[in-house]
Amino acid sequence: MSPPRTSVVIASRGRPVHLRMCLQSLSLQDHQDFEVVLVADREGLAQSPSLPIKRIAFDAPNISAARNLGLSQAAGEVIAFIDDDAIAEPTWLSRLTVPFNEPDVIAATGWTREGDGFRWQTRSQLMTASGRAEDIELPESGIYLRAASEGKAVSTIGTNCAFRSTALHRIGGFDPAFAFHLDESDVNMRLSRRFPGSLTAIVPQAQVIHARAQSTRRSRSGVSRDLTAQGRSLALFQRRYSGTPVRPGLKEVRQRLLRNMVDGALDPLHIPAVLGSFRRGAKQGSQTSLPEEPSPRNDDPDPFLPFLSASCNQNDSIILAGWYWQAKNLRDKAQQQVRFNRVVTIILFTPTFLPHRVRLTKGGWFEQTGGVWGKSDPDDPPAMMSRFRDRCDLEISRAKRRRIR
């Protein structure tokens with residue numbers, strides 16, 4: 001079954017290099033019918049000028065306002081969202097949007113990996129009225145349809161989600177009151193209220209790799225520098241959906257910062273300042289007037305602008321594996337195959353126990369590196385005691401599951 005016509009919206013600000021790689025990953029999608037709407041600052045709009053993209057200028061620190069601008073020009077039946085610092089697996093968009101062929105499905109979400117390409121960042125969750133997520137245990141295969149219940153909606157993480165266009169317009173899109181954090185969760189809750197009994201699809205194999213790149217709010221190691229926006233959004237969210245803010249999230253924030261300190265990613269001297277920023281934001285969100293929910297939208301987008309993707313299928317995907325000293329030869333082969341719009345993965349082993357990483361290269365192929373005895377899957381033991389040929393076969397099969405539909 002073919003996925004429906006889709007618009008992919010990207011909001012980008014201050015991360016042109018990451019954005020360029022995100023756009024490159026979209027050029028490898030096997031979805032046959034999608035467009036890209038880019039909402040970005042001046043430097044972001046200048047990236048990949050040869051690609052047919054709807055480009056909208058916006059340079060303000062409000063992710064909801066940026067996404068609404070993208071929504072205004074999205075002509076697809078389904079509207080998907082990905083962050084500028086994320087890399088989409090080649091099957092991401094088709095897997096994420098196929099469930100919308102069922103008329104009761106109004107939203108969908110996939111699973112998101114950390115920047116190393118293997119550890120999980122977010123999988124399946126429910127969002128509660130308190131703004132806290134609850135994990136759902138599901139296998140990494142299949143499509144799972146869930147309705148909201150008991151005031152809890154299926155959580156769709158902003159870097160890996162999609163919505164039926166008519167439903168998103170009916171609830172007024174994103175609420176600019178949530179400039180950062182819980183913006184998509186607010187959408188999930190309003191959709192569940194407006195369309196009781198509707199379904200959200202959880203698609204574990206619709207995967208992206210999310211780098212959580214450095215920004216004004218986040219350090220190079222991914223640790224928050226300023227939590228003002230998070231504190232404000234959490235207080236507003238709790239007031240809207242549970243009635244009153246309950247000293248929102250301070251204990252959880254403190255615990256997370258302490259874990260960052262133990263991991264060596266945060267200077268202990270910085271913890272009071274970061275906690276203070278969260279308190280300031282929570283106070284703002286508790287004292288400001290609670291905004292009314294957005295009104296329905298009636299956008300008139302420009303005509304659908306098809307994106308020039310490789311539209312690869314399983315016959316166009318190639319996986320090459322070998323030792324790290326064979327890297328030059330394997331990269332030369334990959335470069336040749338990329339010219340034919342093929343999705344190429346190189347797996348380079350070292351005789352070590354190093355954990356595996358994967359990235360999308362500037363040359364256009366995925367490159368996985370790690371020890372022949374190192375773990376790649378999060379559930380692997382720390383030491384994978386296997387022969388080289390057996391390990392090659394295992395990693396090739398894992399790469400196929402991610403990049404061949």
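Start at Ile 10. Leaving aside residues up to four places away in sequence, Ile 10 touches Leu 19, Cys 22, Leu 23, Leu 26, Val 36, Val 37, Leu 38, Val 39, Ile 82, Asp 83 and Asp 84. Contact here means heavy atoms within 4.5 Å. This is a predicted model, in which local features need pLDDT of at least 70, side-chain atom pairs count only at pLDDT 80 or more, and totals for chains, interfaces and linings use all residues. Residues are numbered from 1 along each chain as its sequence is written, and side-chain values use heavy atoms, with hydrogens and water left out.

Ile 10 belongs to the largest nonpolar core, which has 30 residues. A nonpolar core is a set of buried Ala, Val, Leu, Ile, Met, Phe, Trp, Tyr and Cys residues joined through side-chain atoms within 4.5 Å. Buried means under 20% relative accessible area, exposed means over 50%, and partly exposed lies in between (1.4 Å probe, protein chains only). The residues with the most contacts inside this core are Val 8, Ile 10, Leu 23, Leu 26, Val 36, Ile 82 and Trp 92. At least two residues of this core come from each of β1, α1, β2, β4 (78-81), β5, α4, β6 and β13 (199-210). Strand β13 gives the most, with 5 residues. Helices (H or I, at least four residues) and strands (E, at least two) are DSSP runs, numbered from the N terminus. A second, separate core has 22 residues, among them Ile 63, Phe 81, Ile 106 and Phe 163.

Now follow helix α1. It spans residues 16-26 and is largely enclosed by the rest of the structure, because 8 of its 11 residues are buried. Those buried residues are Pro 16, Leu 19, Met 21, Cys 22, Leu 23, Gln 24, Ser 25 and Leu 26. Their cover includes β1 (6-12), β2 (34-40), α2 (42-45), β5 (86-88), α4 (92-97) and β16 (357-360).

Next come the charged pairs. Side chains of opposite charge can pair when their charged atoms come close. A salt bridge is a side-chain nitrogen of Lys or Arg within 4 Å of a carboxyl oxygen of Asp or Glu. The whole structure holds 28 of them. One joins Glu 140 to Arg 113, at 3.3 Å from N to O. This pair links distant parts of the chain, 27 residues apart: Glu 140 sits in the loop between β9 (133-135) and β10 (144-147), and Arg 113 in strand β6 (residues 105-113). Glu 140 is partly exposed at 34% relative accessibility, whereas Arg 113 is buried at 4%.

Asp 390 and Arg 387 form another salt bridge, at 3.1 Å from N to O. Asp 390 is partly exposed, at 35%. Arg 387 is exposed, at 62%.

Arg 391 pairs with Glu 395, and their closest N and O atoms are 3.0 Å apart. The two lie 4 residues apart in helix α11 (residues 388-403), so about one helical turn separates them. Both Arg 391 and Glu 395 are buried. Elsewhere, salt bridges with shared partners join Arg 67, Asp 83, Asp 183 and Glu 184 into one network.

Finish with a sheet. Strands of a sheet pair through backbone hydrogen bonds, either parallel or antiparallel. Here 3 strands form an open sheet in the order β9-β8-β11, with antiparallel pairing. Two strands pair if DSSP finds at least two bridges between them. The edge strands β9 and β11 (153-154) each pair on one side only. Strand β8 (residues 125-127) is joined to β9 by 3 bridges. Leu 126 has Glu 134 in β9 as its bridge partner.
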